Amino acid sequence: MAEEKKSFEQSLARLEEIVRLLEKGDAPLAESLGLFEEGAGLIKQCSQQLDQAEQKVVQLRKGADGTPEELPFE
C-alpha cells in the first residue's frame, strides 16, 4: 500500500526527527541507511511542495494597475 502524502509540516517534523536520530549515532548501519533514504525522500517532497507554493505566489501577485502580473519570486 502506498504511503499517504504528508503535509509540508509533517514531513519537516519527521525530517527533524531523522536528523536527531542520525546525529545520535547509535543506530545500527542498516537502520541508519533506511533513515537516510527516508530523509532524502522527505527532502525531495518538501522541495517539490515549496516549488509549488512559489509558483502560486508568482501567479497571484498583481501589477501596479491591479491586473495579475507574473513577477520573479524573491
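Gln 49 is found in helix 2, where helices are DSSP runs of H or I with at least four residues, strands are DSSP runs of E with at least two, and both are numbered from the N terminus. With a relative accessible area of 16%, Gln 49 is buried; that word stands for under 20% relative accessible area, exposed for over 50%, and partly exposed for values in between (1.4 Å probe, protein chains only).

Apart from neighbours within four places in sequence, Gln 49 is in contact with Lys 5, Lys 6, Ser 7 and Phe 8, contact being heavy atoms within 4.5 Å. A polar atom of the Gln 49 side chain lies 3.3 Å from the backbone oxygen of Lys 6.

## The model and the chain

This is a predicted model, in which local features need pLDDT of at least 70 and side-chain atom pairs count only at pLDDT 80 or more, while totals for chains, interfaces and linings use all residues. Residues are numbered from 1 along each chain as its sequence is written, and side-chain values use heavy atoms, with hydrogens and water left out.

The chain has two helices and zero strands. It has 74 residues, and 18% of them count as buried. Of the contacts between residues at least 6 apart in sequence, 43% join residues at least 24 apart. The chain exposes about 6,100 Å², with 56% supplied by carbon and sulfur atoms; accessible areas come from the Shrake-Rupley method with a 1.4 Å probe, and for residues only the protein chains shown count as cover.

The whole structure contains two salt bridges, each a side-chain nitrogen of Lys or Arg within 4 Å of a carboxyl oxygen of Asp or Glu. Side chains of opposite charge can pair when their charged atoms come close. Arg 14 and Glu 17 form a salt bridge at 3.2 Å, N to O. Both residues lie in helix 1 (residues 8-24), three residues apart, or about one turn of the helix.

Arg 14 also forms a salt bridge with Glu 38, with 2.8 Å between the closest N and O atoms. Because Arg 14 lies in helix 1 and Glu 38 in helix 2, this pair ties together parts that are 24 residues apart in sequence. Glu 17 is partly exposed at 35% relative accessibility, and Glu 38 is partly exposed with a relative accessible area of 29%.

## Leu 33

Leu 33 sits in helix 2 (residues 29-60) and is partly exposed, with a relative accessible area of 47%. Its C-alpha atom is separated by 9.4 Å from that of Leu 22, eleven residues away along the chain.

How values were computed:
A polar contact is a pair of N or O atoms within 3.5 Å; within protein, one must be able to donate a hydrogen and the other to accept it, and residues adjacent in sequence count only if both atoms are side-chain atoms.
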